[in-house]
Amino acid sequence: SKGVHTQVGVDNRMTCTKGVELADILKSVDAVVTTPSTAQLEAMLMGLPTALLSYHAVPIYTPAAWTISSVEHIRPVLEGLR
């Protein structure tokens, strides 16, 4: 994330990018911000509030309750998730 977690004031506990820890990490979070991915689907299946980062003009086949598609959406979406 190149330090985004510090800018929004959260801890980044991700230590493995191979997906091994994803289910365990999702058990310890209150909400998820992700690109359209299996992380999105797993978070939704666990009932976590999930926001999508979608900066490209492409169809979103699995929509989320929140979508961040421009810089102006970041603050209101994070406040909504909180």
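Start by selecting leucine 52 and threonine 67: leucine 52 stands opposite threonine 67, which sits in β3. Keep in mind that this is a predicted model.

Now widen the selection to the two strands. β2 and β3 (residues 66–68) pair in the parallel sense, over three bridges. Click on leucine 53 as well; its bridge partner in β3 is isoleucine 68.

Next, go to the other neighbour of β2. Strand β1 (residues 32–34) runs parallel to β2 (residues 50–53), and three bridges join them. Pick valine 32 and you'll find its bridge partner, threonine 50, in β2. To get from β1 to β2 the chain passes through α3, making a right-handed β-α-β crossover.

Show the three strands together. They form an open sheet in the order β1-β2-β3, with parallel pairing. β1 and β3 are at the edges with a single partner strand each, so one side of each has no neighbour in the sheet. On average, neighbouring strands are turned by 20 degrees against each other, direction ignored.

Time for the helices. α3 packs on the sheet, where it touches β1 and β2, and its direction makes about 165 degrees with that of β2. Then select residues 71–81: this is helix α4, which lies across β1, β2 and β3 and runs at about 155 degrees to β3.

Last stop: the largest nonpolar core. Select its six residues, Leu22, Leu26, Val32, Ala39, Ala43 and Leu48. α2 (22–26) and α3 (38–45) are the elements that give two or more residues to it. Zoom in on leucine 26: beyond its neighbours within four places in sequence, leucine 26 is in contact with Val32, Glu42, Ala43, Met46 and Leu48.

Terms used
Residues are numbered from 1 along each chain as its sequence is written. This is a predicted model: local features need pLDDT of at least 70, side-chain atom pairs count only at pLDDT 80 or more; totals for chains, interfaces and linings use all residues. Side-chain values use heavy atoms; hydrogens and water are left out. A nonpolar core is a set of buried Ala, Val, Leu, Ile, Met, Phe, Trp, Tyr and Cys residues joined through side-chain atoms within 4.5 Å. Buried means under 20% relative accessible area, exposed over 50%, partly exposed in between (1.4 Å probe, protein chains only). Helices (H or I, at least four residues) and strands (E, at least two) are DSSP runs, numbered from the N terminus. Contact means heavy atoms within 4.5 Å. Two strands pair if DSSP finds at least two bridges between them. A crossover is right-handed if, with the strands pointing away from the viewer, the path from the first strand over the helix to the second runs clockwise. Axes are lines fitted to C-alpha atoms, for helices over the stretch in contact, and angles run from 0 to 180 degrees between N-to-C directions.
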